[in-house]
Amino acid sequence: MFLIRVIPLTRLPAHAPSVLDYFWPSPLAVGAFVRAQMGKRALTALVVDSRDVTTAKAALKRSAFSLKKLSEVITEVPQISSAQLELARWISIQYACSLST
């Protein structure tokens, strides 16, 4: 079981977090696209991190939420390079905006 951290590629309400966590049975490459449920909405999202659940087990037990499974993997092949992702992170810090906008 793997913890998959994603950035939704859809504008979310201001109170919603810009990075979301889900689980998937196998690791996914950073830069892959997935589909995830957030409430009743199906979101397309970009994978930014994939790690084994055992490394985050203590943090997951303390959390006030439960993880949901991703709906589907759109593409397992990375569509965005690590350099492009780092540039997006820099822009979000520089201009005080979320990664999803």
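**Salt bridges in the predicted model**

The side chains of Arg35 and Glu72 meet in a salt bridge, with a nitrogen-to-oxygen distance of 3.1 Å, the term denoting a side-chain nitrogen of Lys or Arg within 4 Å of a carboxyl oxygen of Asp or Glu. This pair links distant parts of the chain, since Arg35 belongs to strand S3 (residues 33-38) and Glu72 to strand S6 (residues 72-75), 37 residues apart; strands here are DSSP runs of E with at least two residues, numbered from the N terminus. Arg35 is partly exposed at 27% relative accessibility, and Glu72 is likewise partly exposed at 37%, where partly exposed lies between buried (under 20% relative accessible area) and exposed (over 50%), computed with a 1.4 Å probe on protein chains only.

The model is predicted, so that local features need pLDDT of at least 70 and side-chain atom pairs count only at pLDDT 80 or more, whereas totals for chains, interfaces and linings use all residues. Residues are numbered from 1 along each chain as its sequence is written, and side-chain values use heavy atoms, with hydrogens and water left out.

In total, the structure holds four salt bridges. Another of them joins the side chains of Arg5 and Asp21 at 2.7 Å, N to O; because Arg5 lies in strand S1 (residues 2-8) and Asp21 in strand S2 (residues 20-24), the pair ties together parts that are 16 residues apart in sequence. Arg5 has a relative accessible area of 29% and is partly exposed, as is Asp21 at 21%.

A salt bridge is also formed between the side chains of Asp49 and Arg51, at 3.6 Å from N to O. Asp49 is partly exposed at 27% relative accessibility, and Arg51 is partly exposed at 33%.

How values were computed: Helix = DSSP H or I, 4+ residues; strand = E, 2+ residues; numbered from the N terminus.
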